[in-house]
Amino acid sequence: MEKGHPLDGSLGFMINVVGRLMKRSLYLKLSDSGITPTQWTVLMCLWEDDGLSFTELGKRLCFDHPTITGVVDRMEREKLVRRRRDHIDRRVVKVFLTQKGKNLEPSTAGMGADVDKETVENLGKAERKQLEEWMIACRDKLLEDARVLDHHHPSSNLSNQHTGKKKQND
């Protein structure tokens, strides 16, 4: 993009552009592994905490239920994960890594950090920390706005996507 672009003053537009470019960079880094950036984010969650429910995965990744279901369906077809009903509450479906999914961790887990580092390499340490704090503050504000919206429009169900709170049947 050239300087003076008419949307340079739009924070949402610029965040979206940076996000897409970072995702593209991650896609290129992951190309030899055969997984997509979206699949990689699911794997990152499962490498940290294998056996998450669909609901918990969706919350951690800010994905709605149809999105996480589609991603897990593709990952299951590619033998990266398997799903299994919870033995205590059969309504809950949990996602587990297969050996193939586990084997990808050593070669791909650090790639997101590599993209992050490359993206902000021209910023100082204090600027990087401030940027991270601002992004977290923006995310948290928007999630709170979504909770308020959900209270008035329960069918929108936006705030259930990254709350960190577990429901009973998770």
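Me: What volume does the largest pocket have?
Reply: About 2,200 Å³. Keep in mind that this is a predicted model.

Me: Which residues lie nearest the centre of that largest pocket?
Reply: Those are Gly19, Met22, Asp116, Met135 and Arg139. The whole lining counts 40 residues.

Me: And which elements give two or more residues to the lining?
Reply: Five names to look for: α1 (11-30), α2, α3 (54-61), α7 (111-119) and α8 (125-152). The largest share comes from α8, with 11 residues.

Me: How does the lining of the largest pocket split by class?
Reply: You get 22 nonpolar residues, eight polar ones and 10 charged ones.

Me: OK, switching to the strands. In what order do they sit in the sheet?
Reply: The order is β1-β3-β2, in an open sheet of three strands with antiparallel pairing. Because β1 (52-53) and β2 (81-85) each have a single partner strand, they stand at the edges, and one side of each has no neighbour in the sheet.

Me: How many bridges join β1 to β3?
Reply: Two, and β3 covers residues 93-97.

Me: What about α2 and α4, at what angle do their axes cross?
Reply: Roughly 90 degrees, and the axes come within 10 Å. So α2 is roughly perpendicular to α4, a helix that spans residues 65-77.

Me: Which residues make that contact between α2 and α4?
Reply: On α2 they're Thr38, Gln39, Val42 and Leu43, and on α4 they're Ile68, Val71, Arg74 and Met75. By class, five of the contact residues are nonpolar, two are polar and one is charged.

Technical notes
Residues numbered from 1 in each chain as written. Predicted model: local features only at pLDDT ≥ 70, side-chain atom pairs only at ≥ 80, totals over all residues. Heavy atoms only, no water. Pairing = 2+ DSSP bridges. Helix = DSSP H or I, 4+ residues; strand = E, 2+ residues; numbered from the N terminus. 1 Å grid on protein atoms, 1.4 Å probe; cavity = no way out; pocket = protein on both sides within 12 Å on 5 of 7 lines; lining within 4 Å. Points joined across faces, edges and corners; volume = space filled by probe spheres on them. Nonpolar A, V, L, I, M, F, W, Y, C, P; charged D, E, K, R; others polar. Axes fitted to C-alpha atoms, helices over the stretch in contact; angles between N-to-C directions. Parallel < 35°, antiparallel > 145°, perpendicular 65-115°, else oblique. Contact = heavy atoms within 4.5 Å.
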